[in-house]
Amino acid sequence: MSHLVREAMKNVFGRRSRLFPYAAAALLSSTFVVLALLAQSIDFDHEIAAAHDKGRNIFTVQSSSSDRPVVITRESCERLTGEAAVVRAGIITDRGRKNAQPLGSSLPLVAVSPTLLPQVDQGRAVVGVALHPSGAESNIVIDGVVLRAVSGLREPAGIDVNSAIAIPLGVDVVDDPRCVIEMKWNADGDDLQLALNQLHVQGGPIIAVPVFAETTSLIGGFLARSERWLPILVGCLGGLATSLAIRTRRTELAAYVFAGATRSAVATLVSLECILIGGVAAFGGVLTTLTLAPFALSPASQMFAMVAMGATWIASALPVSLQVAVVSPVELGKRR
């Protein structure tokens, strides 16, 4: 077997080998497939980010009926932050309009849970990006009280603080009719229901109102895309091309037979050559994926796809290649 492995290596990677261009093509193909999958992941990330800005996966939990008001405890709402499928949760209350010097007069003022807007922690006021986009820290005066203020980050729809001044929610607030929850990008309905079950509610049934309702599922569309079969398609085409290349080497295979090699040895040699070329495709894809892992949505699944591509390459190349290898020595030597 060691002699066959060395011979297969020489036949595939030798400078004058007729199979070397196919090994190089396997490497280039795997790189192309990885880049194509990476481009799809980046486009998907952009779609998710754009939908997030519109309020995707942000819900306002409130009474399901205007006739039956509810009260949600602050503790149970804020405690959802950090749960398995929850990014953050908290309460936002409207405090009317206030004069805030030197920013201006009649500006919206809201009180926010620190779990929902961490910047308000330590008693700071957060000035929305629409009011003060520079990012500098300063002092503002509201109703004669001096507050240390920082510029806020841009928040998605549903967490409406971009055009307001946010202050910490007072310790005297123990409940509220609404609880704002931001779920993780890949959370589903079961995850949301699990979060709702952990809320302490009095007064009646509740409902989670989405800020942004998807007309079509972004995740479902990404998973159902036809391009996800690209590694398998490239593997099939590469395996077919490899098998055709091996068929053109009938004279070389005949030389092995007439030199005393058995048909099983020739079949093993051909199989090793197919495995080496398919292995180059898989190895090149995995190596490229590891190199570009910071930009990939799921490097592990992408590496699995490249291994599947290499396996498909081998499986597609073997049947025709072995058919050539197992024919009789006389048949192999007819074209010699």
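Predicted model: local features only at pLDDT ≥ 70, side-chain atom pairs only at ≥ 80, totals over all residues.

Me: Which residue of β11 is the bridge partner of Arg 88?

Reply: The partner of Arg 88 in β11 is Glu 182. The side chains of these two residues also meet in a salt bridge, with 2.6 Å from N to O. That pair links distant parts of the chain, since Arg 88 belongs to strand β3 (residues 86-90) and Glu 182 to strand β11 (residues 179-183), 94 residues apart.

Me: Are Arg 88 and Glu 182 buried or exposed?

Reply: A residue is called buried when its relative accessible area is under 20%. Both Arg 88 and Glu 182 are buried. They are also part of a salt-bridge network that links Arg 88, Glu 155 and Glu 182.

Me: How many residues of β11 are buried?

Reply: The strand is mostly covered, with 5 of its 5 residues buried. Cys 179, Ile 181 and Met 183 point one way from β11, while Val 180 and Glu 182 point the other way.

Me: What does β1 contribute beside β11?

Reply: β1 and β11 run antiparallel and are joined by 4 bridges. Within strand β1 (residues 58-63) lies Thr 60, which stands opposite Val 180 in β11.

Me: Why does Thr 60 count as buried?

Reply: The cut-off for buried is under 20% relative accessible area. Thr 60 counts as buried because its relative accessibility is 17%. Leaving aside residues up to four places away in sequence, Thr 60 touches Arg 178, Cys 179, Val 180, Ile 207, Ala 208 and Val 209.

Me: How many salt bridges does the structure hold?

Reply: There are 6 salt bridges. One of them joins Arg 56 to Glu 214, whose closest N and O atoms are 2.2 Å apart. Arg 56 lies in the loop between α2 (20-53) and β1, and Glu 214 in the loop between β13 (206-210) and α5 (218-223), so the pair ties together parts that are 158 residues apart in sequence. Arg 56 counts as buried at 7% relative accessibility, whereas Glu 214, at 27%, counts as partly exposed.

Me: What separates Arg 74 and Glu 78 in helix α3?

Reply: Arg 74 and Glu 78 are separated by about one helical turn, because they are 4 residues apart in helix α3 (residues 74-78). Their side chains meet in a salt bridge, at 2.8 Å from N to O. Arg 74 and Glu 78 are both buried.

Me: In what order do the strands of the barrel close?

Reply: The barrel closes from 6 strands in the order β4-β5-β9-β6-β8-β7, with mixed pairing. From one strand to the next, the twist averages 45°. Strand β4 (residues 92-101) pairs with strand β5 (residues 104-112) in the antiparallel sense over 6 bridges. Ile 92 has Val 112 as its bridge partner in β5.

Me: Which residues make the nonpolar surface patch?

Reply: Met 1, Val 5, Met 9, Phe 13 and Phe 20 make a nonpolar surface patch of about 460 Å². Helix α1 (residues 2-13) gives the most to the patch, with 3 residues. Phe 13 is found in helix α1 and counts as partly exposed, because its relative accessibility is 36%.

Definitions and conventions:
Residues numbered from 1 in each chain as written. Heavy atoms only, no water. Pairing = 2+ DSSP bridges. Helix = DSSP H or I, 4+ residues; strand = E, 2+ residues; numbered from the N terminus. Axes fitted to C-alpha atoms, helices over the stretch in contact; angles between N-to-C directions. Buried < 20%, exposed > 50% of the residue type's maximum accessible area, 1.4 Å probe, protein only. Contact = heavy atoms within 4.5 Å. Patch = residues over 30% accessible without salt bridge, like charges linked within 9 Å, V, L, I, M, F, W, Y side chains within 5 Å. Areas by Shrake-Rupley, 256 points an atom, 1.4 Å probe, with all protein chains shown as cover. Salt bridge = Lys/Arg side-chain N within 4 Å of Asp/Glu carboxyl O.
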